[in-house]
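Colleague: I am new to this structure and would like to learn how to read it feature by feature. Could you take me through it, giving the general idea before each case?

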Amino acid sequence: MRIDAGLVMMSDSRTNAGVDNISSYRKLHVYERPDRFVAICTAGSLSVTQSALLRLDEGLEGSDERKLETIDNQPNIFRIVRLIGRALHEARAEVREALKADGIRSGASLLVGGRVGDEPLKLFRVYDAGNAIECRPENPFLQIGEIKYGKPILDRALAYDTRMNEAVKLGLISFDSTMRSNLAVGLPIDIVMLRAAPGSRPLEHTIEEDDEYFRNLSRDWSESLKQATASIERPSFVPPPVAQATEDDEEHGFRQVGAAAE
């Protein structure tokens with residue numbers, strides 16, 4: 001989420017290759033340097049995303065063959081995003097045909113947020129072709145991975161002027177909704193937050209299995225949904241219940257079919 005207050009990025013830690021092969025791997029990777037901050041969330045093929053990150057750590061060849069291009073020597077966040085897109089594209093291209101032959105999907109995508117120096121905070125989605133789109137104020141969040149269950153929460157409730165603590169709450173509700181409907185998403189949830197003001201330092205936090213706040217949030221959200229739906233007027237076009245037939249009617253083979261009050 002890229003809101004006016006700053007940047008919030010979250011990821012779960014569950015990966016799966018079928019119901020009998022579920023593991024936990026960190027999907028939120030933070031690069032903090034004195035002059036720059038970059039956070040990367042990963043989704044899709046684990047082997048492809050890990051290979052892309054390793055390429056970034058080693059550096060990619062640039063126009064100057066004597067100097068490798070890394071996150072540390074790019075002049076701004078957009079150039080960093082371009083470099084990350086290139087690393088992801090090369091990592092996927094290297095294994096795509098081999099994985100395809102074995103019937104394994106090689107698709108992957110990344111979220112990249114951060115800034116260099118005092119430039120404005122930015123958030124991008126990077127596709128495995130290497131291209132990227134930027135998060136804008138009119139739609140202040142981006143998602144990758146399993147999005148269909150949690151996206152409606154953010155669509156309805158998150159705005160560019162949402163306060164940061166409210167944004168974090170909404171993000172966790174979005175994750176909780178997803179976890180209720182998809183076993184491929186689960187705790188722990190890694191979070192990094194950075195205020196928009198120049199000179200702000202990032203804060204990292206992890207929601208573990210025994211996190212009391214998240215447990216209460218999940219319970220309160222479920223109860224609030226029940227109360228909200230119960231308070232909404234019911235539709236008038238639903239047929240009323242049929243009255244129970246009397247024992248005398250049953251004896252003569254008749255059943256009452258008229259309307260009756262509940």
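Modeller: Let us start with a proline: Pro188 sits in the loop that runs between helix 4 (164–181) and strand 12 (189–195). Please keep in mind throughout that this is a predicted model.

Colleague: What kind of peptide bond joins Leu187 and Pro188?

Modeller: The general idea is that most peptide bonds are trans. In this model, the bond joining Leu187 and Pro188 is cis, with an omega of about 0°.

Colleague: How many helices and strands does the protein chain have?

Modeller: The protein chain has 6 helices and 13 strands.

Colleague: What share of the residues in the protein chain is buried?

Modeller: Buried residues make up 39% of the 262 residues in the chain. The chain exposes about 15,700 Å², and carbon and sulfur atoms supply 50% of that area.

Colleague: Is Val81 buried or exposed?

Modeller: A residue is called buried when its relative accessible area is under 20%. Val81 has a relative accessible area of 2%, and therefore counts as buried. This valine belongs to helix 2 (residues 77–101), and, leaving aside neighbours within four places in sequence, Val81 is in contact with Val112, Phe124, Val126 and Ala132. Between Val81 and Leu110 there are 9.9 Å from C-alpha to C-alpha, although the two are 29 residues apart in sequence.

Colleague: Where is Gly59 found, and which residues does Gly59 touch beyond those up to four places away in sequence?

Modeller: Gly59 lies in the loop between helix 1 (46–58) and strand 7 (60–61), and, once residues up to four places away are set aside, Gly59 touches Leu68, Glu69 and Thr70. Its relative accessibility is 17%, so Gly59 is also classed as buried. From Gly59 to Ile71 the separation is 12 residues along the sequence and 8.1 Å in space, taken from C-alpha to C-alpha.

Colleague: How many disulfides does the count come to?

Modeller: In general, a disulfide is a covalent bond between the sulfur atoms of two cysteines. Here the count comes to 0 disulfides. As for the accessibility of individual cysteines, Cys41 is buried, at 3% relative accessibility, and Cys135 is buried as well, with a relative accessible area of 5%.

Colleague: How much space lies in the second largest pocket, and which residues lie nearest its centre?

Modeller: The second largest pocket holds about 190 Å³ of space. Its lining is made up of 14 residues, and those nearest the centre are Pro34, Arg115, Gly117, Ser200 and Arg201. The elements that give two or more residues to this lining are strand 5 (28–33) and strand 6 (36–44). Sorted by class, the lining of this pocket has 4 nonpolar, 3 polar and 7 charged residues.

Notes: Residues are numbered from 1 along each chain as its sequence is written. This is a predicted model: local features need pLDDT of at least 70, side-chain atom pairs count only at pLDDT 80 or more; totals for chains, interfaces and linings use all residues. Side-chain values use heavy atoms; hydrogens and water are left out. On a 1 Å grid over the protein atoms alone, a cavity is a set of points where a 1.4 Å probe fits but cannot get out, and a pocket is an open set with protein on both sides within 12 Å along at least five of seven lines; lining residues have an atom within 4 Å of a point. Grid points are joined across faces, edges and corners, and a volume is the space filled by probe spheres set on the points. Helices (H or I, at least four residues) and strands (E, at least two) are DSSP runs, numbered from the N terminus. Ala, Val, Leu, Ile, Met, Phe, Trp, Tyr, Cys and Pro count as nonpolar, Asp, Glu, Lys and Arg as charged, and the others, Gly among them, as polar. A disulfide is a pair of cysteine sulfur atoms within 2.5 Å. Buried means under 20% relative accessible area, exposed over 50%, partly exposed in between (1.4 Å probe, protein chains only). Accessible areas come from the Shrake-Rupley method with a 1.4 Å probe; for residues, only the protein chains shown count as cover. Contact means heavy atoms within 4.5 Å.
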